[in-house]
Amino acid sequence: MSEAENPLPQGDSAEPEAEERMPIPPASFEFLALSIRTQAELQLGLIHFGPENERPKPDLGLARHSIDLLGMLQEKTKGNLTLEEQRLIENSLTELRFRFVQALEESKKS
């Protein structure tokens, strides 16, 4: 990315020193799928950082959107994935859909 395309300031305090920053993993299908999966898990309330009394309520609309994104990614890449990539996306979708139904049922009880 050129400096003109890069909106982040270079060398300012907004960016930690190189030795302090964790390495960024390479761009890959696995990283993309896991990123979307983690996003959905956060939206479902399965992952939370901070005190338990500050846990946000699940955002089922956003979670459904993230799950749908992962499903679309599966559909658009069908026949072009390695066995490991295919398993990752299938297992992620199965787990997230199950957790979504659980969260939906739980929200109806409240």
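Biologist: Contact means heavy atoms within 4.5 Å, so much I know. What covers the buried residues of α3?

Modeller: The cover includes α1 (29-43) and α2 (60-76). Helices (H or I, at least four residues) and strands (E, at least two) are DSSP runs numbered from the N terminus. This is a predicted model, where local features need pLDDT of at least 70 and side-chain atom pairs pLDDT 80 or more, while totals for chains, interfaces and linings use all residues. Residues are numbered from 1 along each chain as its sequence is written, and side-chain values use heavy atoms, leaving out hydrogens and water.

Biologist: Good to know. Which residues of α3 are buried?

Modeller: They are Glu85, Leu88, Ile89, Ser92, Leu93, Leu96, Phe100 and Ala103. Buried is under 20% relative accessible area, exposed is over 50% and partly exposed lies in between (1.4 Å probe, protein chains only).

Biologist: How far apart are the end C-alpha atoms of α3?

Modeller: They are 39 Å apart, and the 27 residues of α3 (residues 83-109), at 1.5 Å a residue, should span 39 Å, so the two agree. The expected span is 1.5 Å times one less than the number of residues.

Biologist: Let's zoom out. How many helices and strands are there?

Modeller: The protein has three helices and zero strands, in the order α-α-α along the sequence. Of its 110 residues, 22% are buried. Among contacts with a separation of 6 or more, 58% join residues 24 or more positions apart.

Biologist: Back to the helices, then. At what angle do α1 and α3 pack?

Modeller: The angle is about 5°, and the axes are 10 Å apart. That makes α1 and α3 roughly parallel (angles under 35 degrees count as such). On the α1 side the contact is made by Phe29, Glu30, Ala33, Leu34, Arg37, Ala40 and Glu41, and on the α3 side by Glu85, Leu88, Ile89, Ser92, Glu95 and Leu96.

Biologist: I'm curious about Ile89. What does Ile89 touch?

Modeller: Not counting residues up to four places away in sequence, Ile89 touches Phe29, Leu70, Leu73, Gln74 and Leu81. Ile89 is in helix α3 and is buried, because its relative accessible area is 0%. The C-alpha atoms of Ile89 and Glu30 are separated by 8.5 Å, although the two residues are 59 apart along the chain.

Biologist: And Ser66, buried or exposed?

Modeller: Ser66 is buried, as its relative accessible area is 1%. This serine is found in helix α2. Leaving aside neighbours within four places in sequence, Ser66 is in contact with Ile36, Gln39, Ala40 and Gln43.

Biologist: New topic: how many salt bridges does the whole structure have?

Modeller: A search finds four, each being a side-chain nitrogen of Lys or Arg within 4 Å of a carboxyl oxygen of Asp or Glu. One of them joins Glu41 to Arg37, with the closest N and O atoms 3.2 Å apart.

Biologist: Where do Glu41 and Arg37 sit in the helix?

Modeller: They are four residues apart in helix α1, so about one helical turn separates them. Glu41 counts as buried because its relative accessibility is 16%.

Biologist: And which residue pairs with Glu52?

Modeller: Glu52 meets Arg55, at 2.7 Å from N to O. Glu52 is exposed at 55% relative accessibility, whereas Arg55 is partly exposed, with a relative accessible area of 34%.

Biologist: What is the N to O distance between Lys78 and Glu75?

Modeller: That salt bridge comes to 3.4 Å, and both Lys78 and Glu75 are exposed.

Key:
Axes are lines fitted to C-alpha atoms, for helices over the stretch in contact, and angles run from 0 to 180 degrees between N-to-C directions. Angles under 35 degrees count as roughly parallel, over 145 as roughly antiparallel, 65 to 115 as roughly perpendicular and the rest as oblique.
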